[in-house]
Structure formats: C-alpha cells, structure tokens
Amino acid sequence: MKNILITGSTDGIGKSAAIELAKDGHSVILHGRDPQKLSDTTEELRKTAKEGSIMGIVADFSDLRSVTEMAHKLKDEVPVIDVVINNAGIFKSWESLNNNGLDIRYVVNYLSPFLLTNELIPLLKKADSPRIINVSSAAQSSINYEVFTGKKIESEGESYAQSKLALTMWSFRLAKKHRDLSVLAVNPGSLLNTKMVKEAYGTYWSSADKGSSILYDLAVSEKYDGITGKYFDNDKGSFGQAHADAYDDSKIDKLVIETTRLLSSYT
Ligand SMILES: NC(=O)c1ccc[n+]([C@@H]2O[C@H](COP(=O)([O-])OP(=O)(O)OC[C@H]3O[C@@H](n4cnc5c(N)ncnc54)[C@H](OP(=O)(O)O)[C@@H]3O)[C@@H](O)[C@H]2O)c1
C-alpha cells in the first residue's frame, strides 16, 4: 500500500481520487486551503478508509510561504511519500495577483507545486517506485514572462493556459533530471463536472469521475510502472502530445532559471 499526497483534495477530482485510494487501503495525505473544509474531508475519508491512515495538511497555494511551511511539516512528520499528485488549481479568482504581486494562476498552478515537489524529493526517493503526477490541462499557451512575473495582467483563461504549459514543461525536465522518479503530466479531461468548471463555464462535457479515475490509475496502476517524462491526454484516453514548447529544451532552461530566480526572491 502506498503513501499518497494529493494537493487540492477537498473538492473536485482530487477529492474523488482520494476517496477511491483510501477505500483501497492506501494512506492518503489530504491537502486544502480551508481548515474547516479540510477537517470535514478528513473525517469523511476516515469513515470509508480501510487500513491506511488519513492525514490532513493546510496550505494556501497562493502564498508561497505557506507552501514552504507545508513542506517543512511534511518532512518533519512523514517518513516516506510514494506518490505526489499535484492537483490543486485555480481558473477563476477574485484577485489577479498574489501577496507578492505575482500572477495568482501561475503561483497556485505552477510555482507552488514546483516549490513543494522539490522540497519533497528526498521523501519520494525513499519510496520503491516513486511517482509524481502533475495535473495539467488541454489548455496550454506559450509563456509570456511579463505575465509570469506579474508585470502584465492577462485574461484568466490565458494565464491559466500559460501556467498549465509551465507545469507540463517542468514535468518533462524533472523526469530527465531524476531518472529514479516517474514524472507524468496529465490532462484529466476537458470540462469535467467540477466546481472549477461550473464557475468558469456554467456547463460541462463529462463526469468528474473521468478525471479522478485517471488520477487513480496514474498514481497506483502497475500499467504505468517505469513510464516517465510523458503527457497523458485523457480527452484521447492515451499518452499524447503536449504543446510544442514542452519539448523545447532551451525554452525549458529559461523557465527553470526564471522560476528559480522568482522563488529565491519570494521564499
Ligand atoms: N475540471 C476540468 O475539466 C479540468 C480540466 C483540466 C484540468 N483540470 C485541473 O484539475 C485540477 C483539479 O480541478 P477540479 O476541476 O477538480 O476543480 P475544483 O473542484 O475547483 O478543485 C480544485 C482544488 O484545488 C484547490 N485549490 C484552489 N485554490 C487553492 C489554493 N489557493 N490553495 C490550495 N488549494 C487550492 C481547491 O480547494 P477548495 O476546495 O478550497 O476550493 C480544490 O480542492 C486543477 O489543477 C485543474 O486545473 C480540471
């Protein structure tokens, strides 16, 4: 049985995947930004969980210091992590920028998972066959560094798509850098029936289960043993092609340099 961290697991496909993993006996570390919602979700899972433990951890992913604190707490309290599912994400938001003046969608959807995962790599490396699942999207758009650094405000759809391409580009770099980790990016399916999609579009194409099932499978199914550095496109139900920039090493070099520079200023 695995020890699995799922970010953004108080709602949507992250919560559904957490429920299924807990029912199958895996130990699940739930994460949420709202302490009450997290505590309610933790209680709910404990009622259905098999032998695995259920732990909850709070962090607001729009606040990079909160993510650093979360990583430190996990390193203090958890001996090993087999799987990290970087699922927390936002599309609509009242604010365009976070408390550091950075684009909020880049912070929640890309910088926070980048920061958290890099902190947790020592715990992942203690596992037998560690996996990192980065929840991307079919919406991917080339990075504009003025948006990335908060100097220019874009539409929510455009900054969301840029943040999801950044997450995908970094996934491929992480896979190359750490050959002993399996790193996959996944589009869980477009317009799944979740809070995010209801708020953004008011309509949906598919059930949320379509997305949670693929997260479950990519996290624990033997079918995906040893596969790394790829993009699973759940609109097609198979591995597929991400945006062209995700295969461009010079663009990824620039992204990693700029990311490291931003994080060193704000953490
Ligand atoms: N639904 C789709 O069609 C679709 C398509 C492609 C990709 N995705 C991706 O799938 C992932 C899950 O989305 P979903 O559709 O399940 O949406 P959702 O129901 O809105 O769930 C998003 C999760 O992220 C959490 N979250 C949002 N902002 C956060 C913050 N600042 N700090 C910490 N956690 C935060 C939410 O917490 P709360 O519970 O507190 O709101 C929630 O648990 C996202 O990365 C999304 O981009 C979804």
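Student: Is lysine 152 buried or exposed?
Tutor: In this predicted model, lysine 152 has 12 other C-beta atoms within 10 Å. A residue is buried if 20 or more other C-beta atoms lie within 10 Å of its own, exposed if 12 or fewer, and partly exposed in between, with C-beta atoms placed from the backbone. Because its count is 12, lysine 152 is classed as exposed.

Student: What average pLDDT does the protein chain have?
Tutor: Residues are numbered from 1 along each chain as its sequence is written. As the model is predicted, local features need pLDDT of at least 70 and side-chain atom pairs count only at pLDDT 80 or more, while totals for chains, interfaces and linings use all residues. The pLDDT is the predictor's confidence in each residue, from 0 to 100. In the protein chain, 100% of the residues score at least 70, and the average is 97.

Student: Which element has the lowest mean pLDDT?
Tutor: Helices (H or I, at least four residues) and strands (E, at least two) are DSSP runs, numbered from the N terminus. The highest mean pLDDT, 99, belongs to strand 4 (residues 83-86). At the other end, with a mean of 94, stands helix 7 (residues 195-201).

Student: Where is lysine 152 found, and which residues is it in contact with beyond its neighbours within four places in sequence?
Tutor: Lysine 152 is in the loop between helix 5 and helix 6. Its C-alpha atom is separated by 8.5 Å from that of aspartate 103, 49 residues apart along the chain. Two residues are in contact if their C-beta atoms, placed from the backbone, lie within 7 Å. Leaving aside neighbours within four places in sequence, the contacts of lysine 152 are Asn144, Glu146 and Val147.

Student: Which residue is the bridge partner of isoleucine 29 in strand 3?
Tutor: Strand 2 (residues 27-32) and strand 3 run parallel and are joined by five bridges. Strand 2 is mostly covered, with six of its six residues buried. Ser27, Ile29 and His31 point one way from strand 2, and Val28, Leu30 and Gly32 the other way. In strand 3, the residue bridged to isoleucine 29 is methionine 55.

Student: Which residue of strand 2 stands opposite isoleucine 4?
Tutor: Four bridges pair strand 1 (residues 3-6) with strand 2 in the parallel sense. Opposite isoleucine 4 stands valine 28.

Student: In the hairpin of strand 7 and strand 8, which residue takes a positive phi near 75 degrees?
Tutor: Strand 7 and strand 8 (residues 238-240) run antiparallel and are joined by three bridges. Aspartate 233 stands opposite serine 238 in strand 8. Four residues lie between the strands of this hairpin, and the positive phi is taken by glycine 237.

Student: Why is helix 4 described as roughly perpendicular to helix 9, and at what angle do they pack?
Tutor: Axes are lines fitted to C-alpha atoms, for helices over the stretch in contact, and angles run from 0 to 180 degrees between N-to-C directions. Angles under 35 degrees count as roughly parallel, over 145 as roughly antiparallel, 65 to 115 as roughly perpendicular and the rest as oblique. Leu111, Phe114 and Leu115 in helix 4 meet Thr259, Leu262 and Leu263 in helix 9. The axes of helix 4 and helix 9 (residues 249-266) are 11 Å apart, and the helices are roughly perpendicular because they pack at an angle of about 80 degrees.

Definitions and conventions. Pairing = 2+ DSSP bridges.
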